[in-house]
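Biologist: Could you walk me through the cavities and salt bridges of this model? I would like to learn how to read each feature.

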Amino acid sequence: MNRDILKQIMADQKDVYLHNPLVSRNYPLEPNVNYCFVGIRRTGKSYMMYQQIKQLEADGTPLSQIVYINFEDERLLEMTSDDLNTILEIGLEVSGSDNRPYLFLDEIQNIDGWEKFVRRIADMKYRINITGSNSKMLSSEIASTLGGRFVIMHIYPYSFAEYLLANNKKKDYLDIISTKDRADVLAQYNTYVTYGAFPELVEIQNKRAYLSSIYQTVYLGDIITRNKVTNDFAIKLILKKIAESITKPLSFSRLTNILKSAGASLGKQTVINYVSYMTDSYLLFTLPNYAAKLVQKETSPKYYFMDTGLLGLMLLDCKSAQLENLVAIELVRRYGTDNVYFFENNIDIDFYIPSENLAIQVSMQVLDNIDTKERETRAFVKLNHFIPDSKCLLITNSEEGTLDCEGIHIDVVPIWKWLLWR
């Protein structure tokens, strides 16, 4: 690729990170670690890089040492892995021979063969950060290639605290608040859970149209086109059935039978492959059953969407599903997908976090509904027969209080308040 054109592109892109307003994201980043930021499209991975660049600038690093390039720029379509070293050469030229440049390579998976380049640069002890949006960034081959050189950091849509800051709501809503403040935070929460939390969505009026564009990009680009899927009807049907089954475990065998009854006769292995494309694109994530055997953990998980707004595109009446899906997102944000489960063994517990010995049930309304209260509290009592002294939390849409059942203490907390707990 022409060196002068590449320098011009890098200069043009510098204006983006210099003049983009930032909402500081709450991710623990260490100054001397190379990161690979991964996640669904438009979730703010580039902004994590901008945030790091701003921090370097604040710490006194001259901008001449910053090398940022976004490989989704259409002018880079013909770029190959052989051209990547030119970026390093330009960085060294601009920063000076005595100063090593900091490299920020955005959506680098668009360049075939990028793995060897970033591994070599990391081995040369350059500070380098990369982002990616699809399965190439989390396949076992790439994890092996980057292993020991990069920390893989999952980036999620805004947390509720970040969402409030992005909307210029800077009060401490966990403190004593007025009726107006409470109404304000509830209004913010309702928009947050309904339309989700993609960062750019804050400034957009037609939120549903924007969500549809993200869905189509992921659906058509990261699932259909990338994996050369010809049966797009089956993909749509699988996504629809998974959306309808949020809150319940769903096995591959059951999903295959559901599709067959709907007129889409697919082999079980094909269904498994299609679902893996969806999780690889970060559209969905799964949680296993803590009480299940190993095979069941892998084959009968619960499925959740990476954003509640995307789930809302799939269903008409989805308030209850969005509530539980939001709790799932927040839990994997706090504890990681490897540390969050559901518990099903003649007991139905929505979420269980072993490291905290924490059991969570999710219900729209419980205090004024005798049947729901009985069902949820009895589940906690049964769980304590299996796992004594479990901490019990019941997350509701708006109710708050405490319950006691056979010596088991249960905190009842509204979702908006729980989301703001530190």
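Biologist: Does Lys 302 count as buried or exposed, and at what relative accessibility?

Modeller: Start with the scale: buried is under 20% relative accessible area, exposed over 50%, and partly exposed in between, with a 1.4 Å probe and protein chains only. Lys 302 has 3% relative accessibility, so Lys 302 counts as buried. A word on the source: this is a predicted model, where local features need pLDDT of at least 70, side-chain atom pairs count only at pLDDT 80 or more, and totals for chains, interfaces and linings use all residues. Residues are numbered from 1 along each chain as its sequence is written, and side-chain values use heavy atoms, leaving out hydrogens and water.

Biologist: Which side chain meets Lys 302 in a salt bridge?

Modeller: Side chains of opposite charge can pair when their charged atoms come close. The rule here asks for a side-chain nitrogen of Lys or Arg within 4 Å of a carboxyl oxygen of Asp or Glu. Lys 302 meets Asp 350 at 3.9 Å, N to O. The pair links strand β9 (residues 348–353), which holds Asp 350, to strand β7 (residues 302–305), which holds Lys 302, 48 residues apart; strands are DSSP runs of E, at least two residues, and helices runs of H or I, at least four, numbered from the N terminus. Asp 350 is buried too, at 12% relative accessible area.

Biologist: How many salt bridges are there by this rule?

Modeller: The count comes to 20. One of them joins Arg 25 and Glu 162 at 3.0 Å, N to O. Arg 25 sits in the loop between α1 (3–19) and β1 (35–38) and Glu 162 in helix α6 (residues 160–166), so this pair ties together parts 137 residues apart in sequence. Both Arg 25 and Glu 162 are buried.

Biologist: And the cavities: what volume does the largest cavity have?

Modeller: A cavity is a set of points on a 1 Å grid over the protein atoms alone where a 1.4 Å probe fits but cannot get out; lining residues have an atom within 4 Å of a point. Points are joined across faces, edges and corners, and volume is the space filled by probe spheres set on them. The largest cavity holds about 60 Å³, and its lining includes Tyr 158, Met 306 and Arg 333. Helix α14 (residues 319–335) gives the largest share of that lining, three residues.

Biologist: Which residues line the second largest cavity?

Modeller: They are Tyr 163, Thr 191, Tyr 195, Gly 196, Leu 201, Val 202 and Lys 207. This second largest cavity has a volume of about 30 Å³.

Notes:
1 Å grid on protein atoms, 1.4 Å probe; cavity = no way out; pocket = protein on both sides within 12 Å on 5 of 7 lines; lining within 4 Å.
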